[in-house]
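Have the sequence and the 3D view open side by side, and follow along.

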Amino acid sequence: MEWFNERSGFDRVWQSLFARHIPEAKGPVAWLYTLGSASLFVFMVQAVTGALLAMSYVPDPGHAYDSVRYINEHVLLGSFIHGLHKWGATLMVVLVVLHMLRVYFMGAYKYPRELTWIAGVGLFLLVMGFSFTGYLLPWDQKAYFATAVGANIAGQTPVVGPYVAQVLKGGPDLGAATLTRFFAFHVLFLPALTVLLIVLHLFLVIWHGISEPPVRQR
Amino acid sequence: MSSGPEPTKDSDLSRRGFLSGLIFGLGGVITAVLGGAGTAYFLAPAFKKEAENWVDLGPVSAVKPGMPAKLEFVERKRDAWVTAERRSFAWVQTSNGRDFTAFDPRCTHLGCPYRWDSGKGQFLCPCHTAVFDVNGKVVSGPAPRGLDRFPIKVVGGRLMIRPQPEKVKA
């Protein structure tokens, strides 16, 4: 351990990451400070379960639904891993929104933490992107028509709407090209962007320290 | 917490020690459950047995003693979420009408389909002149071993095979 510390400075890294000073908060207010870590934890669970699911999933209209059924019915603990990913996705949205509300109502986004807030907004949008693209992947009736509705909403944008919808769908119709597109976004682009923004967000959180709970003025 | 006794410096379990124990304990439990489930999911294929896939070749009466018959079949094989359909055939022979042998229709030399020559009473491969007798033993030619066999059984007067060849030891 001494050998490792001397060559990595790990004890100082540990000190500044985990043994740093955080504001004193009591009772329910203290729990509000856990929402960010909870989001990070759920993200890690999603990454691991997602990688496992990708081992037996095909983003192809002919086989997507059957491969999801295969995971649920024939893979050991497949339905558990799938369930974790599905409920984790829902919990992720809930946690991220609560975290955002906490930061907003405590005014924790103010100087000098604006950039942390901006990174957080980016992460929120990425979570929305994960939800939208991931919802299509099971390729059941609900997934198909939810995405059809989503694409139609995008299509209502003035002037550029039809083009946006076609880019989303990978063509004029919702089909094979849409599924591969959404899959690529769900497992390649969005995770990479999310990791980048998480690193920035966490760096800023630690750099600025966590803001004190607001004090009631008389 | 606002109430409770203040921990002394040399007490056995300080508040900090208790909490960090709790964090690492719970963290360990969560890691074990998630990691264990993930590892089981990942490693499960190692313990999966191949499903026995018996294919119907038709009635026993299709094969006359001493007269090997070329029987066609369609194999439906479950490959994870895909069901693959494969058309193929097998050579089935019997000497007494009760015990049957099914041969893989590919020559053991380089995989050509051979044929039965009823005049000579031998299986002849057109590619490199390999010759096998009615029991699949090598008579002459370049074949390294006798004809590969499919497991075969008779169920209710019908021939059933598993179309995965078993190599005959030389």
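**Briefing: helices, sheet, cores and contacts**

In chain A, the buried residues of α7(A) pack against α6 (78–105), α8 (141–155) and α10 (176–208). This is a predicted model, in which local features need pLDDT of at least 70 and side-chain atom pairs count only at pLDDT 80 or more, while totals for chains, interfaces and linings use all residues. Residues are numbered from 1 along each chain as its sequence is written, and chains are lettered from A and ligands numbered from 1 in the order in which they are written. Helices (H or I, at least four residues) and strands (E, at least two) are DSSP runs, numbered from the N terminus. "In contact" or "touching" is for two residues whose C-beta atoms, placed from the backbone, lie within 7 Å.

**Helix α7 of chain A**

- The buried residues of α7(A) are T116(A), A119(A), G120(A), L123(A), L126(A), V127(A), F130(A), T133(A), G134(A) and L136(A).
- A residue is buried if 20 or more other C-beta atoms lie within 10 Å of its own, exposed if 12 or fewer, and partly exposed in between, with C-beta atoms placed from the backbone.
- Helix α7(A) covers residues 114–136, and at 1.5 Å a residue its 23 residues should span 33 Å; the end C-alpha atoms are 34 Å apart, which agrees.
- The expected span of a helix is 1.5 Å times one less than its number of residues.

**Loops of chain A**

- P59(A) sits in the loop between α4 (35–54) and α5 (64–74) of chain A, and counts as buried because it has 21 C-beta neighbours inside 10 Å.
- Leaving out residues up to four places away in sequence, P59(A) touches A64(A), L137(A), L179(A), T180(A) and F183(A).
- P59(A) and A148(A) are 89 residues apart along the chain, with 17 Å between their C-alpha atoms.
- L77(A), in the loop between α5 and α6 of chain A, has a positive phi near 60°; with 19 other C-beta atoms within 10 Å, L77(A) is partly exposed.
- Y111(A) and P112(A) are joined by a cis peptide bond, with omega about 5°, and P112(A) lies in the loop between α6 and α7 of chain A.
- For background, most residues other than glycine have a negative phi, and most peptide bonds are trans.

**The sheet in chain B**

- Four strands of chain B make an open sheet in the order β2-β3-β4-β9, with antiparallel pairing.
- β2 (69–79) and β9 (149–150) of chain B stand at the edges with a single partner strand each, so one side of each has no neighbour in the sheet.
- Two strands pair if DSSP finds at least two bridges between them; β2(B) and β3(B) (residues 82–94) pair over eleven bridges.
- Along that pair, R78(B) is opposite T83(B), and F73(B) has S88(B) as its bridge partner.
- β2(B) and β3(B) form a hairpin with two residues between them, and A80(B) in the turn has a positive phi of about 50°.
- T129(B) has a positive phi too, near 55°; T129(B) is in the loop between β6 (122–124) and β7 (131–132) of chain B and is exposed, with 12 other C-beta atoms within 10 Å.

**Nonpolar cores**

- A nonpolar core is a set of buried Ala, Val, Leu, Ile, Met, Phe, Trp, Tyr and Cys residues joined through C-beta atoms within 7 Å.
- The largest has 19 residues, of which L57(B), A90(B), V92(B), A102(B) and I161(B) touch the most other members.
- β3, β4 (100–103) and β11 (158–161) of chain B each give two or more residues to this core, and β3(B) gives the most, with three.
- A second, separate core has 18 residues, including V58(A), I71(A), L179(A) and F182(A).

- Eleven residues of chain B are in contact with 15 residues of chain A.
- Helix α1(B) (residues 15–43) supplies six residues, the largest share of the side of chain B that touches chain A.
- That side has nine nonpolar, two polar and no charged residues, where Ala, Val, Leu, Ile, Met, Phe, Trp, Tyr, Cys and Pro count as nonpolar, Asp, Glu, Lys and Arg as charged, and the others, Gly among them, as polar.
- Chain B is divided into domain 1 (15–45) and domain 2 (55–161), with bounds from an automatic or database domain assignment.
- The C-alpha centres of the two domains of chain B lie 55 Å apart.
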